[in-house]
Amino acid sequence: MKFITSLCVIFSLMLPTTISFANEGTVLDLLSNIEQTNQDSLNNPIPHLTTSTDPYENFNRRMFNFNLSFHQYVGEPVGRGYERITPQPIRTGVRNFFTNLRMPLNMLNNALQGNAEGTMSDIMRFSINTVFGFGGLLDIATPAGLPYQREDFGQTLYVWGIGKEANFLVLPFLGPSSTRDLAGLGVDYTVDPGYRYFLDASTEEHLTLTLVNQFDRYVDIIDFIDPLLTMDDPYIFFREASIQLRRNQLYNGSPPLDALDDFDFD
């Protein structure tokens, strides 16, 4: 474990600053696109969701406000300090390493979903980046045509037909989720083979590394939170954008087109 950590530091110092972070398709993508989405919504407003989608709205709003308060008084000051003292190459290496570490879990979920093509792509990506990318510090697979596409047990449950009508949920610190995805999150954390077998990490080490990963990702969304606060109702926009993003993930980037409304041209 200590040997692997040392390698992370050494090789990440060698990385060029132009290497971009691996895209994990999570709240980072949601917030990084909020400003553009807001501009688009001026002409094409996001449909307002029915209250049946959000029966826990009172709780969700409290958690949403709690997360914003934590960001303002704790997260942002600490995150800015982390940005100042941590060179971009190290952060790039950390992001790539954790994304690669997640690939065995990705493989497992793709296999459980019956997605043979996705499973093989994950195996190839993990093999290439682990062997030729110094344990995943370098992301060689993406430019080679093997982009990362996150899969989790929440998606697997959806493919199995379980929790298709899951309700929106905002979690403290973790952000947008659903009743189905909350269950999936617990399963993913418990069985994650990357930590269990690849790193042979103890429970404490697993938790510590998970927190490091989540904090590093949080630092990248700091600049995108302020545009969210410019909305008339930040929570509603956040909820609807989150649901749209998750729908896109559930269909692996190709959600079915919504049925067109009937028009009377007479």
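## Helices H5 and H11

The crossing of H5 and H11 is left-handed, a feature read here from a predicted model. Helix H5 covers residues 88–101 and helix H11 covers residues 203–219, and the two pack with their axes 10 Å apart at an angle of about 125°. That angle makes H5 oblique to H11.

On the H5 side, the residues that take part in this packing are Arg-91, Val-94, Arg-95 and Phe-98, and they meet Leu-209, Val-212, Asn-213, Asp-216, Arg-217 and Val-219 of H11. Sorted by class, the contact of H5 with H11 contains five nonpolar residues, four charged residues and one polar residue. As background to the spacing within a helix, an α-helix has 3.6 residues a turn, so residues three or four places apart point the same way.

## Helices H6 and H7

A second pair is formed by helix H6, residues 103–112, and helix H7, residues 116–132, which pack at an angle of about 165° with their axes 8 Å apart. Because angles over 145 degrees count as roughly antiparallel, H6 and H7 are described as roughly antiparallel to each other. The crossing of H6 and H7 is left-handed.

In this pair, Met-103, Pro-104, Asn-106, Met-107, Asn-110 and Ala-111 of H6 meet Gly-118, Thr-119, Asp-122, Ile-123, Arg-125 and Phe-126 of H7.

## Helix H13

Helix H13 runs over residues 234–250, and its 17 residues reach 24 Å from the first C-alpha to the last, which is close to the 24 Å expected at 1.5 Å a residue. This helix is mostly covered, with 12 of its 17 residues buried.

H13 is followed by Asn-252, a residue whose phi is positive, near 55°.

## The chain as a whole

The helices described above belong to a protein chain whose secondary structure comes to 13 helices and two strands. Of the 266 residues in the protein chain, 43% are buried. When contacts in the protein chain with a separation of 6 or more are considered, residues 24 or more positions apart account for 74% of them.

Definitions and conventions: Residues are numbered from 1 along each chain as its sequence is written. This is a predicted model: local features need pLDDT of at least 70, side-chain atom pairs count only at pLDDT 80 or more; totals for chains, interfaces and linings use all residues. Side-chain values use heavy atoms; hydrogens and water are left out. Axes are lines fitted to C-alpha atoms, for helices over the stretch in contact, and angles run from 0 to 180 degrees between N-to-C directions. Helices (H or I, at least four residues) and strands (E, at least two) are DSSP runs, numbered from the N terminus. Angles under 35 degrees count as roughly parallel, over 145 as roughly antiparallel, 65 to 115 as roughly perpendicular and the rest as oblique. A crossing is left-handed if the near helix is turned anticlockwise from the far one by less than a right angle, and right-handed if clockwise. Contact means heavy atoms within 4.5 Å. The expected span of a helix is 1.5 Å times one less than its number of residues. Buried means under 20% relative accessible area, exposed over 50%, partly exposed in between (1.4 Å probe, protein chains only). Ala, Val, Leu, Ile, Met, Phe, Trp, Tyr, Cys and Pro count as nonpolar, Asp, Glu, Lys and Arg as charged, and the others, Gly among them, as polar.
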